[in-house]
Every structure is written in C-alpha cells, then in structure tokens.
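Please examine the sequence and the three-dimensional structure shown below. The paragraphs that follow lead through the structure step by step.

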Amino acid sequence: MELPSKKPQPTFHTLEEIRQRKDELLDQIQNDSKQFSTLWGELFVKRENSTKGDYIASLITNSVTVIDLFLLYRKLRKNYGSILGLFGKSAKKKH
C-alpha cells in the first residue's frame, strides 16, 4: 500500500469539473475504505491451527510489546510530565 504523495492541486474552471473530481474522490475513498476493512479484519482473524509453540511465541511477543509500551510511557512521563495525564494522575508540582 502506497502513501499518498503531494501532487499539485488541479485547477477547475467549471462546476461540472468539480463534480467529476468529487465523484472520483468519493470512489477512491470507498475503495480505500474497503481495503482498510479487509486489512483490519485480517489483523484480528483467530488462527485455528495454532500449535503450543505458536501460542508461546505469541505470548512472548505480546509480553515484549507490553514492556516496551510501559518503558515508553515512563520515558514520556518523565520528559513531558503533566501533559500526558494518563490514568487521571497529575504531575507533582515542583516548588
């Protein structure tokens, strides 16, 4: 999947050209939405033929991800303090 590139904006001279471009964009958005829905569905498909080894590998991968997110949170909390405000905690005020 490609990221959209910045292209020069076309100039429109008639209302019909604007309507045509609107229809093209609507078709493109609908196609992108279908593709996104398909990819999203594939992401959460339960694998039926998983072995115990696959289960353990998945468990380790998920654990590493959680630890990584926790360390990232701590680093951001230390550097940015109160603007994160996660879990309803406020940063301690320094006097």
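Thr14 counts as partly exposed because its relative accessibility is 39%; buried means under 20% relative accessible area, exposed means over 50%, and partly exposed lies in between, with a 1.4 Å probe and protein chains only. Thr14 is placed in the segment before helix 1. A polar atom of the Thr14 side chain lies 3.2 Å from the backbone nitrogen of Glu17. The model is a predicted one, in which local features need pLDDT of at least 70 and side-chain atom pairs count only at pLDDT 80 or more, while totals for chains, interfaces and linings use all residues. Residues are numbered from 1 along each chain as its sequence is written, and side-chain values use heavy atoms, with hydrogens and water left out.

The secondary structure of the protein chain consists of two helices and zero strands. Here helices (H or I, at least four residues) and strands (E, at least two) are DSSP runs, numbered from the N terminus. Of the 95 residues of the chain, 2% count as buried. The accessible surface of the chain comes to about 9900 Å², and 59% of that area belongs to carbon and sulfur atoms; such areas come from the Shrake-Rupley method with a 1.4 Å probe, and for residues only the protein chains shown count as cover.

Side chains of opposite charge can pair when their charged atoms come close. The structure holds one salt bridge, a term that requires a side-chain nitrogen of Lys or Arg within 4 Å of a carboxyl oxygen of Asp or Glu. Arg21 forms this bridge with Glu24, and the closest N and O atoms are 3.6 Å apart. Because Arg21 and Glu24 are three residues apart in helix 1, about one helical turn separates them. Arg21 is partly exposed at 30% relative accessibility, and Glu24 is partly exposed with a relative accessible area of 40%.

Which residues form the stacked pair of rings? The structure holds one aromatic pair. The ring centres of Phe36 and Trp40 are 5.9 Å apart and their planes meet at 25°, so the pair is stacked. Rings of Phe, Tyr and Trp (its six-membered ring) pair if their centres lie within 6.5 Å; planes under 30 degrees apart count as stacked, over 60 as edge-to-face and the rest as tilted. Both residues lie in helix 1 (residues 15-43), four residues apart, which is about one turn of the helix. Phe36 counts as exposed at 55% relative accessibility, whereas Trp40 counts as partly exposed at 49%.

Attention now turns to helix 2. The 29 residues of helix 2, at 1.5 Å a residue, should span 42 Å, and the end C-alpha atoms are 42 Å apart, which agrees; the expected span is 1.5 Å times one less than the number of residues. Helix 2 is followed by Gly81, whose phi is positive, near 55°.

Technical notes:
Polar contact = N/O pair within 3.5 Å; in protein donor to acceptor, adjacent residues only side chain to side chain.
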